[in-house]
Amino acid sequence: MSRTLPARRVGLAAADSGGWVGLRGALYAEWTKLRTAPETTWLLIATVVLTMAVSTAAAAATRCSPGTACPVDVPKLSLTGIEFGQAVVAVLAVLAIGGEYSTGMIRTTLTAMPRRLRVLAAKAAVLTGLVLAAGTVAVAGSLLAGRLILPGHGFTAAHGFHVLSLTTGPVLRPAAGSVLYLALIALLSLGTCAVLRDSATAVGVVLGLLYLFPIIAALASDPHWRRHLEQIGPMTAGLAIQATTGLRTLPISPWAGLGVLAAWAAGALLAGGLLLRFRDA
Amino acid sequence: MSAGVTTRARPGPPAARAGFGSVLRAEWTKFRTVRGWVIGMIVAAVLIDLIGLLAVQAGIGCGNGRTGAACLQPLPTGPGGEAVTDSFYFVRRPLTSHGSITARITALTGRYVSGGAAGPGLPGGGLQPGIQPWSKAGIMIKASTRPGSAYAAMMATGGHGVRFQYNYAQDFPGLPGRLSAASPRWLRLTRSGDLITGYDSADGRHWTRLGAARLAGLPATAQAGLFTTSPPYMKVTSGFGGSNGQIGPSLATGVFDHVGLSGGPGGRWAGQDIGANGPAYSGPQIGFGQAGGRFTVTGSGDIAPVVPGTGPGPSATIEDHLAGVFAGLIAVVVIAALFMTAEYRRGLIRTTLAASPRRGRVLAAKTVVAGLVAFAAGLAASVIAVTVGVRLSRDQGQYVLPVTWLTEVRVIAGTAAVLAVAAVLAVAIGTVLRRSAVAVAAVVVAIVLPYVLAVAQVVPAGAGEWLLRVTPAAGFAIQQSIPHYAQVTAQYTPPAYFPLFPWAGFGVLCGYAAAAVALALYLLRRRDA
């Protein structure tokens, strides 16, 4: 039995070696897992379709009759579907790690790749790539729908509304920002599920974090409380990136808002990474 | 082990033949023996209370360094127990238990402040001409001059024709159209004991009875006379990212002649500004003049129930203390979905269905257990949130609009019922999808997201109302404690107001749950487990 076994699988061999080769192996493994999980494709399609459908419905339901003042933020309106699409993205991200816990696959994964932080980093990277791709399609489709529908409903450039073209700065920021927003939601969800190790609970917690801040802010009687809640809520702050009008009255400036969401995502990933590193799987 | 021992059958037949009771007991045992689910339900209840009570803690000051209970401004309450605005100018004389008052009103004009400064120092007091739709001038019989006392009144209004109103909440229409010197309105109230009847007429000869009011406990000597009042000017422009309200005080002037009062000791007409602490204009214009048989009465305020946003000070509703229900709802949905999907994950469903092959019973037992547990947790939490929250609010100087005990029970039990129905919906969707994460997301998005979009004003007001009609979020209408009054101008928007009646909105949520249960039943029977 002195014969050494050839390392048949690239992933296994790579995982044991350090550096970039190991990370590449981990990325390849996570990409294979996510690609072959049946729900991934469906959830990505659902993200695109539902985002575009809700955005189109919002654009179709809004009209501005001539001669009236319409306080409508056109880029934000045509990206309404993000409010819906983010829930699908959250499910996708939660299942990326929660699915492993529910089937016990996580033990195999960590046996094959004992460097746990690398596993989480690889998951985050693959997931971010997928969500950025799906988000780009969803945002582009939503803006296209808005561009086709809204001028017919009175939102024309002649009345001072933005033309939904990606080459103009005021539209580029909400569009690119919304794609980044979806990616950050995915990272927040991934980190949360790494902490909680249960998909259903993680989805509940993530949706709670997203939806409860605007509700409690709307019900709060004190305007200062309302403003503070909107400044720290991941969704209320993060979606400030979509605003193009009334920037002075926003509770938080667009990029700072996206920064708040990034801080939430970083915090969740950090907590998830530390617990994954030091806890039994 | 002796050979004489026989193995006895277990007491009771197997669950399959034992009926619904055993299936129910089996499901209850499954629920209560999973520690995480029991803890989760407790967490749901604690979240409802914590968030509900924290939302109250927003500190409220009212100037002069006063905070807390010192700021509490109790409002007068009407005979029905509701908080009322009772602020108007009254030109009155005593009236005994049998008598009547008649007057002809020939003009009703108004002035208002459209935001900005107002006061005697400004040209014209900062006022511009214009009558409010619910400016009122007419005749009234009132138990006393105490704000909130019982009354019945006939009046001409700025935009809603002649009305017969009594005890703040009751409103009946009479002659339509605007009055002018060319087409005046005749108004009459007759009193017989505690029964007041209202009539109107275009010519003073042919009278039409509009309605009658029995004012319980009307004293033998009541007050009768002429009154004028005018609610604040209000203009609301709503759009994306919020609505802007413009509000300013207004005043109205009514001109009367042919004033006749029978059934009193007589004497001089006395003028009095009743309850002048409301959202009223105060200035030298308020008062009355009498020249010959002609009375000119100018007043400001309103005689109507208080709805959220129209009171003089900060006021809250009892359902404001239930903001935590959304957090509790998410926890309940997670547990209820897991209650079903965990069976699929562990393969326990095959054992369950082997033990009780009638699959409909299993589903029914699961929905009953999940619904009842959610109802119990929700009820306990809502009772605490409302009773403790209302007390805390008052200590903070926040006036809580009073409601009848029946409404309070409906709001509290209704909140628990919304949680129960959401749990049933989650069990059903969990059966359909068999994946916990997807089921949780689907139910939370269906119930909570429409509410977020409507309440946080992400979508325009019209679209938001539509969402609260047709999505499961309509169920939160059961929490609305103060009704919509047609005779009160206010911003009737969520979260204080829902487009559907409380039980109708709850019915929409139940309809979704019933449809989901039907689909779950169909699929559970048809599919392999």
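This is a predicted model: local features need pLDDT of at least 70, side-chain atom pairs count only at pLDDT 80 or more; totals for chains, interfaces and linings use all residues.
Two strands count as paired if DSSP finds at least two bridges between them. Helices (H or I, at least four residues) and strands (E, at least two) are DSSP runs, numbered from the N terminus.

Residues are numbered from 1 along each chain as its sequence is written, and chains are lettered from A and ligands numbered from 1 in the order in which they are written.

**Strand E1 of chain B and its partners**

- Buried here means 20 or more other C-beta atoms within 10 Å of a residue's own; exposed means 12 or fewer, and partly exposed is in between, with C-beta atoms placed from the backbone.
- E1(B) runs antiparallel to strand E18 (residues 302-305) of chain B, with 4 bridges joining them. Across that pairing, B:Ser87 sits opposite B:Asp302.
- Strand E15 (residues 270-274) of chain B also pairs with E1(B) in the antiparallel sense, over 5 bridges. There, B:Val91 has B:Gly271 as its bridge partner.
- Strand E11 (residues 222-229) of chain B is antiparallel to E1(B) too, and 7 bridges join them. B:Val91 turns up again here, standing opposite B:Leu226 in E11(B).

**Where chains A and B touch**

- The contact draws 38 residues from chain A and 38 residues from chain B; two residues are in contact if their C-beta atoms, placed from the backbone, lie within 7 Å.
- On the chain A side, the elements giving two or more residues are helices H3 (38-61), H4 (74-78), H5 (82-103) and H9 (199-219).
- H9(A) gives the most to that side, with 14 residues.
- By class, the chain A side has 24 nonpolar, 10 polar and 4 charged residues. Nonpolar covers Ala, Val, Leu, Ile, Met, Phe, Trp, Tyr, Cys and Pro, charged covers Asp, Glu, Lys and Arg, and the others, Gly among them, are polar.

**Positive phi values in chain B**

- Most residues other than glycine have a negative phi.
- B:His258 has a positive phi, near 50°, and its place is in strand E14 (residues 250-262) of chain B. B:His258 is partly exposed, with 14 other C-beta atoms within 10 Å.
- B:Arg434 has a positive phi as well, near 60°, and is found in the loop between helices H7 (405-433) and H8 (436-455) of chain B. B:Arg434 counts as partly exposed because it has 19 C-beta neighbours inside 10 Å.
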